[in-house]
Amino acid sequence: SVSMSRCLASVRPKNGRCLNVIAVCRVSSPGPGKQDIRSLDDQLLKIREYLDREFDIPYQITEVRGQGSGENLNRHEFLELLDLVDTAEYDLVICEDLGRICRRIQAHTFAEECDDRNTRLIAINDHIDTAQEGWQDHSIFSAWHHERSNRDTSQRIKRSHRNRFSTG
């Protein structure tokens with residue numbers, strides 16, 4: 001198996017100069033007691049550190065960042081991302097995990113859209129890289145894992161609220 005670093009080093013920009021990168025950052029619902037909006041900057045920092053560590057060529061980043069449910073496929077940011085990928089001008093879409101792009105099987109479908117346009121997709125935490133053989137399996141399992149994790153968290157919160165209500 002080819003190491004990810006060796007595979008990344010072989011990337012060639014479509015424009016011949018520098019990698020054209022889309023960095024995707026999203027929080028679900030920022031606010032008191034919920035996600036911190038500063039998480040968007042944290043996600044971008046992780047992406048930049050990854051690019052600096054793994055790529056040995058210059059890159060320019062177009063940020064697509066926003067807030068809202070990953071289940072909402074009508075979010076302005078998601079529609080903008082689809083339009084950018086559809087241009088086929090970008091070399092790479094990168095995010096912390098597929099759930100930052102969107103949720104459920106639509107995340108896998110988005111990865112396929114990238115692949116169809118020769119735009120590589122890397123989801124750092126999910127270990128997904130569309131340039132590596134078998135990425136489809138990782139993508140499907142990651143979409144399932146994120147959905148299962150969200151459902152488990154929802155059930156835990158509901159149990160806690162019911163218990164607190166019943167005990168006063």
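Student: Is Glu-113 buried, partly exposed or exposed?

Tutor: The classes rest on relative accessible area: buried means under 20%, exposed over 50%, and partly exposed in between, with a 1.4 Å probe and protein chains only. Glu-113 has a relative accessibility of 30% and therefore counts as partly exposed. Please note that this is a predicted model, in which local features need pLDDT of at least 70 and side-chain atom pairs count only at pLDDT 80 or more, while totals for chains, interfaces and linings use all residues. Residues are numbered from 1 along each chain as its sequence is written, and side-chain values use heavy atoms, with hydrogens and water left out.

Student: Which residue meets the side chain of Glu-113 in a salt bridge?

Tutor: A salt bridge is a side-chain nitrogen of Lys or Arg within 4 Å of a carboxyl oxygen of Asp or Glu. Here the partner of Glu-113 is Arg-117, at 2.7 Å from N to O. Arg-117 is partly exposed, at 24% relative accessibility. Arg-117 also forms a salt bridge with Asp-86, where the closest N and O atoms are 2.9 Å apart. Asp-86 lies in helix α3 (residues 76-86) and Arg-117 in the loop between α4 and β4, so this pair ties together parts 31 residues apart in sequence. Helices (H or I, at least four residues) and strands (E, at least two) are DSSP runs, numbered from the N terminus.

Student: How many salt bridges does the structure hold?

Tutor: There are seven salt bridges. Among them is one between Glu-54 and Arg-53, whose closest N and O atoms are 3.3 Å apart. Elsewhere, a network of salt bridges links Asp-41, Glu-63 and Arg-65.

Student: Which residues of helix α2 are buried?

Tutor: Let us begin with the length of the helix. The expected span of a helix is 1.5 Å times one less than its number of residues. Helix α2 (residues 39-54) has 16 residues and reaches 22 Å from its first C-alpha to its last, close to the 22 Å expected. Its buried residues are Leu-40, Gln-43, Leu-44, Ile-47, Tyr-50, Leu-51 and Glu-54. They cover an arc of only 120° around the axis, which puts them on the same side of α2; the arc is that of the directions from the helix axis to the C-beta atoms. On the other side of α2, Asp-52 and Arg-53 are exposed.

Student: What is the order of the strands in the sheet?

Tutor: Two strands pair if DSSP finds at least two bridges between them. This open sheet of five strands has the order β2-β1-β3-β4-β5, with mixed pairing. β2 (59-67) and β5 (128-129) stand at the edges with a single partner strand each, so one side of each is left without a neighbour in the sheet. β1 and β2 pair in the parallel sense over nine bridges, and Arg-26 stands opposite Gly-66 in β2.

Student: Which handedness does the β-α-β unit of β3, helix α4 and β4 have?

Tutor: A crossover is right-handed if, with the strands pointing away from the viewer, the path from the first strand over the helix to the second runs clockwise. The unit made by β3, helix α4 (residues 105-116) and β4 is right-handed.

Student: How many aromatic pairs are counted?

Tutor: Rings of Phe, Tyr and Trp (its six-membered ring) pair if their centres lie within 6.5 Å; planes under 30 degrees apart count as stacked, over 60 as edge-to-face and the rest as tilted. The count comes to one aromatic pair. Phe-78 and Phe-110 form this tilted pair, with 6.2 Å from centre to centre and 55° between the planes. The pair links distant parts of the chain, 32 residues apart, with Phe-78 in helix α3 and Phe-110 in helix α4. Phe-78 is buried, at 7% relative accessible area, and Phe-110 is buried at 3%.
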